[in-house]
Amino acid sequence: MKLKAKLRIGFSFLFIIVVAFGGISMFQIQRIAESARVILKDNYESLNYVAEMRSILDKQERQASYDFSRFEQKLAKQKNNITEPGERAAVMKLDRHYQTFRTTTSAAGKSEAEYEMRQALQRIENVNMEAIVRKNDLAQKAVDSSITLLQLVGGLTFLILFSFSVNFPGFVANPLRELLDGIREIRDGNYQKRLNFSSSDEFSELGKAYNEMANRLSDWENSNLATIRSEKLRIEAIIEQMRDAIIGVDEKGKILFVNVVAEQLLAIDSEQVVGKHVEQVAENNDLLEHIIHLDKNDKALKIFAGGKESFFQLDSIQISVPFMFEEVSTELRKSEVAAGSVFILKNVTQYKELDAAKTNIIATVSHELKTPISSIKMSLKLLGDERVGGLNPEQKQLLDHIAEDSNRLLKITGELLDLSQIESGNIQLNLTDTDPNEIVNYAVNAVRLQAEQRGIRLELVARKNLPFVYGDVEKTAWVLINFLSNALRYSPDRSRIVIEVLPSGSFIEFSVRDFGKGIEPQYQQKLFDRYFQVPADGKNKSGSGLGLAIAKDFIEAQKGNIFVESELGMGSKFGFRLPVSGRKI
């Protein structure tokens, strides 16, 4: 029987049990309701008619007037509501004496007839009261029997449902548990595990598929074991011949292999450490401990090896093996199993030496260029002096172009010198407690004339009594001047630039906001990269692309951080934060 049929039969049985219990309950409730309805309807109406007729007799006796139209109405209704044994005789007696009461004229006759009428009313009342008591007892017995029956049926239903809820899930859960145990055995490499389901449902088919998979895995393992061993030896030979230091660690942290270069560099013996946990080996080897806990994005390691200082760059690779077999599902083939990590120490000494040589060349060339450029600027100043001789408009225009190019070359050489200083790690910082307003005023005064020439308004927003910052005044002011120069370059004439100096937690935030065209989001992450320039028109495309990169290094060297916020059409905001010194102004 298929699993779907089992589930359908089980839930149909459950449905029938619930419906049956509900039907019995409704039937018993209907019985109880019917009994109560019988008690309350006919007998209650008879008692009501009797009470009203007695009330009419009492009232008319007091008034000494006899208008029996209402009495006759109630008597007629009572005649139509005879439901109990003996009630008809009493009603007939009441009607007979009522007729006598109507026709007699003597006071004695009326008094006797009224007495008999009252006796008949009393008899009708007693008959209905006795019927109410009798029916109430019957109804109570019906209620008790219904409650007892419902308790028995409810208990039986509970036992059936409880037995169903305990036993029926086993039809599904037990085969699933056995299948899960088999999958875990396969995961642990036990390909001899087999499943045997006696049923003829989908689980039986699943068990057959599982057994077939286990057979194929076992065959695959036996047929490919020699090939895998051969490949392992070949890979180990390749690793041994590599010039980089390589250490392999499995997913549990045990060392799988260490090549010759790593043995020499770390002063360890592969035969002694292979199979041990890497943390255990690192306890007695400071260099290995540093390597396994080093971020691959950190700077190069400086290690004394081969009789000289060498530089190594760590590259940590997480290895995952694809879980692929011919007969498994597509989703399973796409999954991967973690196989461990490989630590590679690449010898970058040659590149470090070349980089140092490049830095020295840049510093030397930039320094040597400063002198002739300064001489050119001095000569240009002399040529522009009218006391030396007048210049025609064309000559003056050429002179202005030469001066502009000279200033640009001087700025680039200055930035290259700063860059070489940064790359060599020789940033000279003069850290002092400084008033933030002093830095801002220095930078604003440096660009004020350029802003006035273009009609750009510089707006300063700063709080009073700001705490001092701990930083280098000149380099911080240089960064702020760079921000202001860029803002002036990309701001339209007769616009405004906002400079803000505000507290930000334990930092002071300096920012420059312009209202130009803004910077596209894809360029914002690269603004502080060296030599990067935002694509722009010919008017604004100038500079070396080093200014913001140098600014970032200057700020981070002072333990601050730099940021940019920009939106197309709304302008840009460049800023940085410096730590406060704790000293108040």
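1. In this predicted model, the side chains of Glu-52 and Lys-74 form a salt bridge, with N and O 2.6 Å apart. Glu-52 belongs to helix α2 (residues 42-63) and Lys-74 to helix α3 (residues 69-79), so the pair ties together parts 22 residues apart in sequence. Glu-52 is partly exposed at 23% relative accessibility, whereas Lys-74 is buried at 15%.

2. Arg-102 is partly exposed, with a relative accessibility of 43%, and Glu-72 is partly exposed at 33%.

3. A further salt bridge joins Arg-118 and Glu-114, the closest N and O atoms being 3.1 Å apart. Both residues lie in helix α5 (residues 107-167), four residues apart, about one turn of the helix. Arg-118 is partly exposed at 23% relative accessible area, while Glu-114 is buried at 13%.

4. The structure holds 14 salt bridges. Shared partners link Glu-500, Glu-509, Lys-573 and Arg-577 into one network.

5. The largest nonpolar core has 36 residues; among the members touching the most others are Leu-480, Phe-483 and Val-512. Helix α16 (473-490) is one of the elements supplying at least two residues, and α16 gives the most, with seven. Beyond four places in sequence, the residues that Val-512 touches include Ile-497, Phe-574 and Lys-573. A second, separate core of 22 residues includes Val-249 and Ile-268.

6. Overall, the protein has 18 helices and twelve strands, and 34% of its 585 residues count as buried.

Key:
Residues numbered from 1 in each chain as written. Predicted model: local features only at pLDDT ≥ 70, side-chain atom pairs only at ≥ 80, totals over all residues. Heavy atoms only, no water. Core = buried A, V, L, I, M, F, W, Y, C linked by side-chain atoms within 4.5 Å. Buried < 20%, exposed > 50% of the residue type's maximum accessible area, 1.4 Å probe, protein only. Contact = heavy atoms within 4.5 Å. Salt bridge = Lys/Arg side-chain N within 4 Å of Asp/Glu carboxyl O.
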